[in-house]
Amino acid sequence: MPIRVLSETIAAQIAAGEVVERPASVVKELLENSLDAGATTINIEIRGAGSRLIRISDNGHGIPADEIPLALERHATSKISILDDLYNLHTLGFRGEALHSIASVSRLTLTSRYQKESMGARILVEGGKVLEVRPVGAPIGTIIEVAELFFNVPARRKFLKSDATERRHVITLVSQYAMAYPHVRFQLTLDGREAFHSTGSGNLADVLVQALGLETFREMIEVSPLPPTRPDLPPIEVSGFTTTPALHRANRSQISLFVNGRGVNDQRLTFAVVQAYHTLLPASRYPVSVLLIQVPPEDVDVNVHPTKAEVRFRSPEAIFTAVQRGVRRAVIAQTGTAAIYYGEQEEEVYDPPPAYSSDEDIADQRPATLPAPKQYPAQMDFDFDTPAPGRYSQQRPADETDLESEDQVESDAFYPHYETPTPPTRRPPTEPDDPTAIPEGIGPPKKPRTLPILRVVGQISASYIVAEGPIGMYLIDQHAAHERILFEQFLEQYQARELTIQQVLDSGSVSLSPTEAHLLEEIQPILAEMGFEIETFGVNTYRVRAVPAMLADQDPHQVLHVLLQDSESGKVPGVQTIEEKILRRVCKAAAVKAGQILSHTEMQGLIHQLERCENPHTCPHGRPIMIHLSNKQLEKEFGRT
Ligand code: ADP
Ligand code: MG
């Protein structure tokens, strides 16, 4: 193909790819324009998950009628005129690209009336071509309608996720902006139904109740600005709310950071928040935080990313320290005497920058109270009923495939409280493994063995079970193992439609964030099939009436939160159906946690069930359940070969 200059339309469509990825990105650009125009009320209406219609109206200052066609030109902006303006920016926009890009991939109508004019004007653009501009009567402010997004770039449409996911992105985005702008009233409707609103009271706490749900907000404490540690550092103000160590989530997605009113995705600052909880949260658990960070505009470079999601700081260390200090101070002030200590969190791999910490900050790093010594059950140390170590070594050499014969020596068959509703009948100790050999009526046929018989030696870190097998040693992750056992049992019962349900007596109601509520509505039919009975109790408020019996001992609200965790996170390769995803979550909620001390009997019961799981090697989320060190490996490690 000879070289040629692309037509303007195609060039615009390509450029649009950078800014407009999905409906939520359109909403983001339009919201930012409304905020830049000083709006105090912004209404967002979405139809068909945003592909059909996105309509945003604001009461900002509007656009002068004669400038309206210009607003849609590429690189047309009223926000900067020289490059230096970028370094003293008080607006969210500055590139002059958004409206142009959006108009090139949709049918866009912009109606606006400037505050100093008595008439408004309207412009219609289709795929970047202006169809009409005419004067109209309109209230002060701007209304933008984006219809049929990507109607002329079908390839882009294919990259959109399910409607539910696209809607969720919009809800999350709008609630994020509402948190960053508590003075502005936001209202979001999805296909005519209100999904979120904020009152514009100016009070961040009010927004958080709406955006995160009352339960989460109740566990939050205020982060207040602190005086700077050194006079030569730029003034940095960190304010907002963060959860107490009592509430934590499985990922960082609920740490929201805003720098000068701009939502930023900054791993380093997120890490500063996590660091502030050092030793106060269990490993791989994260707080929910909303932090509004104010820095002098000249200290931030916002021109590093087309969607402006990333920023660069002139003194990143100072901001890192301010965030970490602010959060740490709030958390320590609240936990004061709480005896929570989880030891080093080794998993974090981030080298924090040299902090400008004062002595007082270093003092803050220490746990408030030293951990109480853990109580180990007596049978952990001595269990006269278990065969002495070395039992296996006296047997003929066996390999892992030689499983059936080993079952002859299987001695204990405890089924402690890991049970699903119908406990299998306890079997006589020397029952042969071959299912055909089981006399009729004694109990359900046993599943074939998938692991050799394992003998529990003990527990480490209240998280791992140490066991001995015929050809070496096994380290078993108790949570992962239990998840796997429950998953296989539950799946079987679910497929056979034999689930047992447990009524929840009175759990009260739970108020969810709009994003969670939306997800709940989406998966409600599947949950119902699994035995959940959840009724609507008000806007984004629910009451749990029944749960699968497996979850009978769990706090139903905790369970709901686990079920509704951002479904984007923790993706499991090869998992197709949403049912399967939910099943995995249910089991995760029900499984014994890491950090829970187990009795020898409980451990043996767990291992016993694991030995007959179809796949005893990986948990339903794909992580390994056990580490096996063969006798050969051990000999090699000790230089015996
Ligand atoms: P940018 O926001 O980077 O300037 P946009 O393409 O988003 O670029 O918008 C172009 C211009 O149109 C803005 O600079 C602003 O003058 C005007 N504009 C867009 N939306 C609004 C609005 N809701 N209210 C007032 N003016 C607006
Ligand atoms: Mg803009």
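Predicted model: local features only at pLDDT ≥ 70, side-chain atom pairs only at ≥ 80, totals over all residues.
Strands and helices here are DSSP runs, numbered from the N terminus: E over at least two residues for strands, H or I over at least four for helices. Two strands pair if DSSP finds at least two bridges between them.

V259 has I293 in β13 as its bridge partner. Contact means heavy atoms within 4.5 Å.

Residues are numbered from 1 along each chain as its sequence is written, and chains are lettered from A and ligands numbered from 1 in the order in which they are written. Local features need pLDDT of at least 70 and side-chain atom pairs count only at pLDDT 80 or more, while totals for chains, interfaces and linings use all residues; side-chain values use heavy atoms, with hydrogens and water left out.

A second open sheet has four strands in the order β16-β17-β18-β23, with antiparallel pairing. Its edge strands, β16 (455-460) and β23 (626-630), have a single partner strand each, so one side of each is left without a neighbour in the sheet. From one strand to the next, the twist averages 20°. Strand β18 (residues 472-477) pairs with β23 over five bridges in the antiparallel sense, and Y474 stands opposite H628 in β23. Two helices are described against this sheet. Helix α13 (residues 478-495) lies across β16, β17 (464-469) and β18, running at about 75° to β18. Helix α17 (residues 600-610) packs on the sheet and touches β16, β17, β18 and β23, with its direction at about 120° to that of β16.

Strands β21 (residues 533-538) and β22 (residues 541-548) are paired in the antiparallel sense over five bridges. I534 has V544 in β22 as its bridge partner. In this hairpin two residues lie between the strands, and N540 takes a positive phi near 55°.

Ligand 1 is surrounded by 20 residues, the closest being N33, T77, S78, K79 and G96; a residue is near a molecule if one of its heavy atoms lies within 4 Å of it. The shell around ligand 1 divides into seven nonpolar, nine polar and four charged residues. Here Ala, Val, Leu, Ile, Met, Phe, Trp, Tyr, Cys and Pro count as nonpolar, Asp, Glu, Lys and Arg as charged, and the others, Gly among them, as polar. Helices α2 (23-36) and α4 (98-104) each supply at least two residues of the shell.

An oxygen atom of ligand 1 lies 3.0 Å from a backbone N or O atom of F94. A polar backbone atom of A98 is 3.3 Å from an oxygen atom of the ligand. A nitrogen atom of ligand 1 is 3.2 Å from an N or O atom in the side chain of T142. On its own, ligand 1 has 530 Å² of accessible area (Shrake-Rupley method, 1.4 Å probe), and the protein covers 95% of that area.

Key
Polar contact = N/O pair within 3.5 Å; in protein donor to acceptor, adjacent residues only side chain to side chain. Axes fitted to C-alpha atoms, helices over the stretch in contact; angles between N-to-C directions.
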